[in-house]
Amino acid sequence: MSLFTEITIFVLAVFVGFEVISKVPTTLHTPLMSQTNAIHGIVMLGGLIVVGYADDPLEYVIGTIAIAFGAINIVGGFMVTDRMLGMFSKKPKPKDGDGK
Amino acid sequence: MIEAVLKPGGDAATALYIVAFSLFIIGIKQGTHPTTAKRGNLVAAGGMAIAVVTTLLLDGIGNWGLIAIGLGVGAAIGVIASVRVQMTEMPQMVALYNGVGGGAVALIAWSEIRHGISLGEDIPLDTLIPVLFAGVVGSISFWGSNIAFAKLQDLIPTRPLAVPGQQVINVVLLLGIVAACVDIAANNGDPSQGLFIAILIAAAILGNMVVLPIGGADMPVVISLLNAFTGLSAAAAGFALDNVALIVAGTLVGSSGTILTMEMATAMNRSVANVLFAGFGGAPAGGGGGDGEERPHTAIGAQDAAIKLAYADTVTIVPGYGLAVAQAQHAIKEVADELEKRGVTVNYAIHPVAGRMPGHMNVLLAEADVPYEQLKEMEEINPEMPRTDVAVVVGANDVTNPAAKNDPDSPIAGMPIIEVSEAQQVIVIKRSLSPGFAGIDNDLFYEPNTSMLFADAKAAAGEIAAEIGEL
């Protein structure tokens, strides 16, 4: 992909991002942030790629940590967002455990 | 083992990445309404699954044992953290996720540099420059977020910590980083790995130095800004790796963080630069309000408050940071339930910076089962205030201070506020008359229609609920 193709994609993504995200109401800003945390976990793809051509112990360690960090973002981010949004959608609920 | 079936940068892989990022956008779009947001989150997660599987099928992916370890450890930590975290702790968790995201990008950048050097050829600048950018921003995000996490978790003091000449040091660090990056780019045939590591370290120090002086009240801005930074660093990694999914996903996150940063700064009537460099939030600003003459105010007990509330038609609850700290959201909901049983209309007025991160108060109240229809934004509730019988301020202070509107010389002049002083009566539940983060006295406390209930928010709300029940 040429640099300018990439820049074109980037610029268009900025506009799409602003357009879509500015419509998210304040009420949902915290779940939005944890969801974007999860989407940010896409950097794990970078970890998968670099670990593929890693060929010394340091690179093994760096790549593996990068994958783990990305996986934390993806799994933790989507799961906690799901948990939070469940609180917004459920109406009659049985008392759950962490109520103080 | 799985045979590689897709060519990196090939049509099939790119097409699948396009599907993946489209699902991210659809997912976020469904996040614009509470009833569809949960589905939207699943849609985005589906996009992520496609992106990950596509990458695992690429030619050149190997070292499967390491991938399994990284995935297994990361996923386990993610699952445990997301199940255990309390809703009051969400700001810390998001700060931590920002941090690991930035850290991952910095590590990938380092690995890319090592790989480039080991190939022994000129590293093309359209790879090298994004790698440098990703390394710097990733490292700043990682360390800055860790400091933000430590502050939110009370591991280090939330008050601003500054060293003399901080601004100068920051500028020198930044210039040094830029100079080193230029040197690496100029020597792209044989860049120095030592210099790149030095850049990562300098960026790490810069991340620490920028966030340490920022006080607790400004955390919503800082978390949003670091969110934007991690997003941009991911987009940069996408440029370096020629990966369209990373570019689009990173840019979406960057846009989101940028929008939230601007909204938070607007809600505090300050510029982002002011938040970052003025170290104002949480500053004691001249000894606080403990000394000096005590101005006349009306103090009441829980029983009086209960009577005022029970015989009102409309009650608006204004929750603030103090409610989150006291974990009083469930107790407040009990008060609202008792009032609704008596036919009182109850609403909640949410200031944009209530809580410790954007939208935090809404999540806390949702956790306590407050229906989201009752959560009113500031612009929506202010015109209703004159028709409100009783406004109850719980753990909020500066965001209700009429001085922001009336006194052009006030440090918070121009800050948008919840106009509770327009309500017929005001009850403020607070431990004392002490000033809030802005360090200034709140004129609201001394107005004739304001009653002060000096107590812990949770205890007071519990008592009021019990009193109303007995009326």
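The C-alpha centres of domain 1 of chain B and domain 2 of chain B lie 23 Å apart. I start there, with a predicted model in which local features need pLDDT of at least 70, side-chain atom pairs count only at pLDDT 80 or more, and totals for chains, interfaces and linings use all residues. On naming, residues are numbered from 1 along each chain as its sequence is written, while chains are lettered from A and ligands numbered from 1 in the order in which they are written.

Chain B is split into domain 1 (1-84), domain 2 (89-278) and domain 3 (298-470); these bounds come from an automatic or database domain assignment. By contact I mean that the C-beta atoms of two residues, placed from the backbone, lie within 7 Å. Helices here are DSSP runs of H or I with at least four residues, strands are runs of E with at least two, and both are numbered from the N terminus.

Next, chain B overall. Its C-alpha trace spans about 80 × 50 × 35 Å along the principal axes, and the chain has 17 helices and seven strands. Of its 471 residues, 56% count as buried. A residue is buried with 20 or more other C-beta atoms within 10 Å of its own, exposed with 12 or fewer, and partly exposed in between, again with C-beta atoms placed from the backbone. Among contacts in chain B between residues at least 6 apart in sequence, 80% join residues at least 24 apart.

Now the sheet. In what order do the strands of the open sheet of chain B run? There are seven, in the order β1-β7-β6-β5-β2-β3-β4, with parallel pairing; two strands pair if DSSP finds at least two bridges between them. β1 (298-299) and β4 of chain B are at the edges with a single partner strand each, so one side of each has no neighbour in the sheet.

Strand β3 (residues 345-350) of chain B has five of its six residues buried, so it is largely enclosed by the rest of the structure. Strand β2 (residues 314-319) of chain B pairs with β3(B) in the parallel sense over four bridges, and B:Ile317 stands opposite B:Tyr348 in β3(B). β2(B) also pairs in parallel with strand β5 (residues 390-394) of chain B, over five bridges, and there the bridge partner of B:Ile317 is B:Val392. Three bridges join β3(B) to strand β4 (residues 375-377) of chain B, also parallel, with B:Ile350 opposite B:Glu377 in β4(B). From β3(B) the chain crosses through helix α14 (residues 360-367) of chain B to β4(B), a right-handed β-α-β crossover. Right-handed means that, with the strands pointing away from the viewer, the path from the first strand over the helix to the second runs clockwise.

Turning to chain A: it has four helices and zero strands, and 59% of its 100 residues count as buried. How many residues of chain A are in contact with chain B? The count is 78 residues of chain A, against 95 residues of chain B. α1 (3-21), α2 (29-40), α3 (44-52) and α4 (57-89) of chain A each supply at least two residues of that side of chain A. α4(A) gives the most, with 30 residues. By class, the side of chain A that touches chain B has 45 nonpolar, 25 polar and eight charged residues.

Finally, the core. A nonpolar core is a set of buried Ala, Val, Leu, Ile, Met, Phe, Trp, Tyr and Cys residues joined through C-beta atoms within 7 Å. The largest one has 199 residues, and those with the most contacts inside it include A:Ile42, B:Ala237 and B:Val394. The largest share of this core, 17 residues, comes from α4(A). Leaving aside residues up to four places away in sequence, B:Ala237 touches residues including A:Val43, A:Gly46, B:Val105 and B:Leu246.

Note on methods. Nonpolar A, V, L, I, M, F, W, Y, C, P; charged D, E, K, R; others polar.
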